Amino acid sequence: MITRRRLMQDFSCLTVAGKFSNKLLANPRPQGNRASQDDVVWLDSNENPLGPPPSAIKAMLDGVSATARYHFDEFGKFREAIARSEGLKPEQVLFGVGSTEVIDAAISAFASSKPLITANATYDILVELTRSLGRQVVQVPLTETWAYPVRKLAEAALKAGGGLVYLCNPNNPTSSLTPKGDIEWLVMNLPPRTVLLVDEAYIHFAQPTEIESVLRYVREDKNVIVTRTFSKIYGMAGARAGFGCGRPDLIRAMAALEDRDTLVPNRRAELARIRAELCNWLRTKNIRYIEPHANFVMIDIGRDVRPFGQEMLRRGVAVGRPFPPLNQMLRVTLGTDQEMKKFREVFWQVYLG
């Protein structure tokens with residue numbers, strides 16, 4: 001059974017960042033003149049419409065009667081389950097309230113006297129958090145193929161005397177990949193006093209032949225941190241479960257790990273089919289997009305995203321917010337076949353004006 005002392009050691013670096021990130025993490029659904037909530041197709045937050053697997057739902061139901069008690073023993077089991085599933089040691093695993101909290105903790109730990117170094121566009125919540133803490137952020141543009149410019153990131157870290165390099169792969173909001181050879185080069189050429197944080201929230205949506213997890217470098221004791229979440233392919237956005245430590249209901253994610261050999265490939269294939277259908281449709285309409293590798297697509301609509309998205313919402317489809325500087329690109333999360341049918345209908349109506 002994990003002790004309170006051990007639990008607080010895990011919490012110590014998380015609580016520092018958590019109080020700063022609560023407001024930034026809140027991304028409320030758009031309000032105002034729109035269709036009723038029951039009629040809206042929500043394709044704005046990269047959620048998985050398939051929801052949790054049956055094993056996780058059963059674990060949630062089974063655990064309801066025990067919510068009056070602390071679940072310290074389950075924290076240890078969860079740590080061990082993650083370590084076992086990824087070929088790590090339990091002491092290499094830190095879990096939190098979603099992977100975002102672990103990312104926030106890394107910012108607090110490694111981007112205090114040194115900068116956060118990343119690309120633009122990327123996951124902007126962590127950029128906003130770092131700036132809100134009064135810390136320096138260095139951003140360089142993505143490459144022409146929407147990959148992270150690893151050599152420029154290393155140059156920036158060397159110039160700054162170290163820091164935290166953040167890389168999301170597949171990237172949010174572009175859904176693009178950074179080649180594994182580029183990431184390997186970055187790992188092997190990290191400047192002194194530099195930590196590489198790779199966010200793999202969407203890795204399960206990419207084909208295994210296209211991407212390689214950076215966890216291999218964790219096993220090799222490189223200066224690398226990898227974050228994962230159960231919010232995406234496991235369909236548990238509301239559970240707030242990731243590689244870190246969180247609420248007692250994290251037991252539900254441990255149950256989902258047992259299904260990963262069938263759940264992940266089946267869901268990857270289903271989302272890939274839906275993604276391909278959307279991309280094929282966009283091509284028939286001569287609409288450009290960034291080649292996607294996650295559960296969302298970035299579409300070039302050639303106009304300001306904000307009024308376009310507001311008009312779509314009025315017609316019952318919620319899409320992604322603006323992601324500066326890509327202000328003319330619309331991010332849409334993949335939904336069910338029925339939801340994507342409505343998306344295509346509404347998108348085309350608004351696109352034609």
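A salt bridge is a side-chain nitrogen of Lys or Arg within 4 Å of a carboxyl oxygen of Asp or Glu. The structure above is a predicted model, and by this rule it holds 9 salt bridges. One of them joins the side chains of arginine 273 and aspartate 337, with an N to O distance of 2.9 Å. This pair links distant parts of the chain, for arginine 273 belongs to helix α10 whereas aspartate 337 belongs to helix α12 (residues 337-352), and the two are 64 residues apart.

Arginine 273 also takes part in a second salt bridge. Its side chain meets that of glutamate 277 at 3.0 Å, N to O. Here both partners lie in helix α10 (residues 260-284), with 4 residues, about one turn of the helix, between their positions. Buried means under 20% relative accessible area, and exposed means over 50%. Arginine 273, at 31%, therefore counts as partly exposed. Glutamate 277 is likewise partly exposed, with a relative accessible area of 33%, and aspartate 337 is partly exposed at 37%. Together with Glu270, these residues form a network of salt bridges: Glu270, Arg273, Glu277 and Asp337 are linked.

Another salt bridge is that between glutamate 311 and arginine 315, whose closest N and O atoms are 2.7 Å apart. Glutamate 311 is partly exposed at 21% relative accessibility, and arginine 315 is partly exposed at 37%.

The description now returns to helix α12, in which aspartate 337 lies. This helix has 16 residues and reaches 23 Å from its first C-alpha to its last, close to the 22 Å expected at 1.5 Å a residue. Its buried residues are Met340, Phe343, Val346, Phe347 and Val350. Seen down the axis of α12, these buried residues fall within an arc of 130°, so they line one face of the helix. The face turned away from this buried side carries the exposed residues Gln338 and Leu352. After α12 comes glycine 353, which has a positive phi, near 80°.

Helix α7 (residues 180-188) may be examined in the same manner. Its buried residues are Ile183, Leu186 and Val187. They cover an arc of only 100° around the axis, which puts them on the same side of α7. Against what do these residues pack? Their partners are the helices α6 (150-160) and α8 (215-219), together with the strands β4 (163-168), β5 (194-199) and β6 (224-227).

In soluble globular proteins, nonpolar side chains tend to be buried together. In this model, the largest nonpolar core has 46 residues, and those with the most contacts inside it are Tyr166, Leu186 and Leu196.

A cis peptide bond joins asparagine 169 and proline 170, with omega about -5°. Proline 170 is located in the loop between β4 and α7. A further cis peptide bond runs from proline 324 to proline 325, where omega is near 5°. Proline 325 lies in the loop between β8 (317-318) and β9 (329-333).

Which values of phi are found at aspartate 221 and asparagine 286? Aspartate 221 has phi near 65°, a positive value in a residue other than glycine. Aspartate 221 belongs to the loop between α8 and β6, and at 66% relative accessibility it counts as exposed. Asparagine 286 has a positive phi of about 55°, although it is not a glycine. Asparagine 286 is placed in the loop between α10 and β7 (296-300), and its relative accessibility of 70% makes it exposed.

Note on methods. Residues numbered from 1 in each chain as written. Heavy atoms only, no water. Buried < 20%, exposed > 50% of the residue type's maximum accessible area, 1.4 Å probe, protein only. Arc of directions from axis to C-beta. Contact = heavy atoms within 4.5 Å. Core = buried A, V, L, I, M, F, W, Y, C linked by side-chain atoms within 4.5 Å. Expected span 1.5 Å × (residues − 1).
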